[in-house]
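Here is a short report on one protein model. It moves from a helix to the cavities, and then to a single residue and the record.

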Amino acid sequence: MVSNLPTRALQEDPEYDPFCDPAAPKKIKYEDILAASRRCVGCVVNTPCMKAHMSETLGIDLYFKQEFLQHTGSFKERGVCNTLLLLSDEQKKNGVITASTGNHGSALSYHATRLGIPCIVVMPLRAPLTKITKCTNFGVKPKLHGANIGESKLFAMTLGKERKMMYINGFDHPNIVEGQGTAGLEILAQVPDVDAIIIPVGGGSLITGVAVVAKHLKPNVEIYGVETDKTCSMVETFRKNERIYFPIDTTIADGLGVNKVGVNTFHTLKGIVDKLVAVKEDWVARAVMHIVEEERFVVEGAGAVGVAAVMAGLFPNLKGKKVVCILTGGNIDTNILARALERGMAAEGRLVKFKVTVSDRPGGMADLCNVMAQCGVTLRDCIPERAWVKGDVFSVEVKVIAETRGWEHTRELMESIKKNFKECVFPEMGAHAEKSTVRRGPCLAPNPEDYDELCDPDNPRQIKYEEIVSAFNQSKAFINQTPCYHSQSSKDFGINIYHKLEFVLKTGSFKERGALNALQKLPLNKKKIGVVLASLGNQAMGLCYYGRILNIPVIVVMPKGVPIIKVQMCKNYGAKVIVEGNELPDSQKYARRIAREKGLTYINGRDHPDVLTGYGGVALEILEQVPNIDAVIVPVGTGGLLAAVATVIKHAKPDCLVYGVQSEMMPTFYESLENGSAVTKPMNNSLAEGIAMPYVGANSFHIAHQLIDKMMLVAEDWIARAVLHLIEKERFVVEGAGACTMAAILSSLVPELKSKNVVCILSGGNIDAILLNRSIERGLAAEGRLVKFKVGIKAESAQMAQLLKLIADGGYNLVRQFMDRIWVEEEIHHVEVKIVCETRDLQHALQLKKMIEGAYPTTAFFETKPLNDKHICPCYIRKS
């Protein structure tokens, strides 16, 4: 309990904490953790412990304990909840105080507000805006004080003693550690035959609590702790066998940034931890990226260090073992996430930076771009340098950033650049990658008689409820039921929202359901010959994966411009990949030609009757998981998922509403409904690329148009906001197509669903890292959290300093700045400063606009106007 304090004059040392006394450390006991577990039932989430998709790649039977699914996004809630529940009535009345840079402060804010306990959270002056906003949203506006967490802690402890508030150490208070240990009880119940548990380490509360539980219940289980090479205070403490001060600078794993580990944690942990390691920060970035791309979850750097250590080969003894890795939190700042993804891609050779000298005459840059295009490389950035070039005056040195499939692809690019340009500088090559199986096929003329008899507009096929049930039962041996997760933001919208997490399937999308069923329905002789399809990615990955499992040869034809990661995934599953055609219809024609010439079975991945029948399993699971459902919202491309879901829902629960949603950039299904028949539209780029289709499915449209209740369009900015919302509120990585369902709710298209039980199908999570970054930035801009403006000032350092101080004093983060000296309308001594700032929210953005225009009334111009937060998207309602 929190009474029985050690006797000591508190006035002697303002930083003295009676619960964390070096002279009287407390050893954490299993019985106290067990009591904490019973105490916190219903107050914290018993988080899932799911098998990782990357298990096979890593050679470890790996499970992820998903602590980022706690309400505030981290395990810290466990300790906070336990501590607050143990307060005496007087302590509850006086309140609590803490110093924090993020997760502990958010957890304390949330649970103190929930329990009606006064609370103060002190943060450093330069704390990230997102951390400040989270605490405020949970009911406690942080006090900003001090240049670092040390100064914030001193202020908080002094203020706490003045006001008789209890200071709660976020990583060493005994009750905090006991609460964190409840995660260990859950792990051993969820994976009873676990061989090892890997735990991120900051101050030591989580590893201590889990180790106490694990060693008590299963002494042979191994406990491994992981820090980064920039935050390794616990590693150094154990090496020297004393608590030492470890200097910490900026780090990708800021949640582990504790200069001195806990008194009680170090005292308890000695003798029960098997190994402590430090992993390099680049591996953490790679781990964040792989968790995003393979597991479709957003995890902060601190939460990903365990995965990073496994990927880096720091635990070779765990090959073939059953291992649980705790993903401790998902509260990563969106700008840091973007940097982590880019750094991870660079570490794996998927982003490469090089310099090349080209002719500065017309056509020189075109030659460079043409060589890169022929290599299948994506140009990301290009900066010409003319002043400091060693060559002749007609040469320009170009600094290039390009996206490749990996080191092997980068080597191909390097060889091609060296062959065509004499002067070029590449980085040293990294690890060897497998050779790509991607090839380009010869161009074939379209055949006007080339069509798919199973997807014939003049003879559309119907699918039956009984067929869907049969396919669903047959698929259970391969496909586990995906969760239907109750949204943490339901109260914000007044709708009881459930998210159907189709992105947790092995290939990251619902598409594999249809692919599996189509392959299972093939006759034996057709299975031996193989199949071919054209795809933009998700359907292909599903078909390739189950083709490998069922030993059915697969050929995939993809159009140019498909994200490299999707091409690479198909290759990883053992398929033969051909890149042919500028758009999907071109690839489909080529795939059908191959099918005829080689006797292969052509599978239309978006409209084949067996594919649609397989999709219906999504709806059968939804009805089991949310039996009192009132409505389901479905992302729509050609309409296959919508047709299958509507068939099931309207058969089993006719009163349940079925809504479809797609991007306004490709409103093919929407306009087909308005027209009363299928229409075709020219391709247009969209954040929802997975459903950006130029046509509707013949079978899908025939089925769906009779059954759905409402069809909606959402603007691209709202899709970006939905991607951002799902990352920040739910910690899910969802591609734009899957996020459309949440975009419909965000943009107020469904006011009639207030107080209803609504399922949003998050159809897939296979979003390219670069596209994810763009979606995040566009979402931030749409919400007024990224603001772009320019200001004309005199070209003097003092003037620039004054402008930047004005921005800093307003609590804004400077994201980018650029000074234009050439295209300036003012006199020669002026420059135009172009700035991108990060704000807390729309209101904060409006304050920035008012402040800048007040200080620079004649030269300030806001290129983005974060003023319109009431945009409503158009929608189409089917007439009865």
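## Helix H24 and its end

This is a predicted model. Start at the end of a helix: H24 is followed by Gly-599, whose phi is positive, near 75 degrees. H24 itself has 15 residues, which should span 21 Å at 1.5 Å a residue. Its end C-alpha atoms are 21 Å apart, so the model agrees with that expectation.

Which residues of H24 are buried? They are Leu-584, Ser-587, Gln-588, Tyr-590, Ala-591, Arg-592, Arg-593, Ile-594 and Ala-595. Their cover includes the strands E18, E19, E20 (576-579) and E21 (601-602).

## Helix H22

H22 covers residues 538-550. Its 13 residues should span 18 Å at 1.5 Å a residue, and its end C-alpha atoms are 18 Å apart, so the two agree. Just after H22 comes Asn-551, with a positive phi of about 60 degrees.

H22 is mostly covered, with 10 of its 13 residues buried. The buried residues are Asn-538, Gln-539, Ala-540, Met-541, Gly-542, Leu-543, Cys-544, Tyr-545, Tyr-546 and Gly-547. What do they pack against? The partners are H20, E18, strand E19 (554-558), helix H23 (564-572) and H25.

## The largest cavity

The count comes to 3 cavities of 30 Å³ or more. The largest cavity holds about 60 Å³ of space. Its lining consists of Ala-471, Phe-472, Ser-475, Ile-479, Arg-513, Leu-516, Asn-517, Gln-520, Thr-613, Gly-614 and Gly-617.

By class, the lining of the largest cavity has 4 nonpolar, 6 polar and 1 charged residues.

## The second largest cavity

About 50 Å³ of space lies in the second largest cavity. Leu-533, Ala-534, Ser-535, Gln-539, Leu-584, Gln-588, Asn-604, Gly-605 and Arg-606 line it. Strand E18 (531-534) and helix H24 (584-598) are the elements that give two or more residues to this lining. By class, the lining divides into 3 nonpolar, 5 polar and 1 charged.

Some of these names have come up before. Leu-584 and Gln-588 line this cavity, and both are among the buried residues of H24. Gln-539 also lines the cavity, and Gln-539 is one of the buried residues of H22.

## Val-194

Where does Val-194 sit? Val-194 lies in the loop between helix H9 (182-190) and strand E7 (196-200). Is Val-194 buried or exposed? Its relative accessibility is 0%, so Val-194 counts as buried.

Setting aside neighbours within four places in sequence, Val-194 is in contact with Leu-188, Lys-218, Val-221, Lys-322, Val-323 and Val-324. Val-41 is 153 residues from Val-194 along the chain, and their C-alpha atoms are separated by 24 Å.

## What the record lists

An unreviewed UniProt entry lists "domain: Tryptophan synthase beta chain-like PALP" for residues 45-329 and 478-764. In the model, residues 45-329 are 44% helix and 16% strand, and their end C-alpha atoms lie 13 Å apart. Residues 478-764 are 44% helix and 16% strand, with end C-alpha atoms 18 Å apart.

How values were computed
Residues numbered from 1 in each chain as written. Predicted model: local features only at pLDDT ≥ 70, side-chain atom pairs only at ≥ 80, totals over all residues. Heavy atoms only, no water. UniProt positions renumbered as here; feature names shortened; annotations may be inferred. Helix = DSSP H or I, 4+ residues; strand = E, 2+ residues; numbered from the N terminus. 1 Å grid on protein atoms, 1.4 Å probe; cavity = no way out; pocket = protein on both sides within 12 Å on 5 of 7 lines; lining within 4 Å. Points joined across faces, edges and corners; volume = space filled by probe spheres on them. Nonpolar A, V, L, I, M, F, W, Y, C, P; charged D, E, K, R; others polar. Expected span 1.5 Å × (residues − 1). Buried < 20%, exposed > 50% of the residue type's maximum accessible area, 1.4 Å probe, protein only. Contact = heavy atoms within 4.5 Å.
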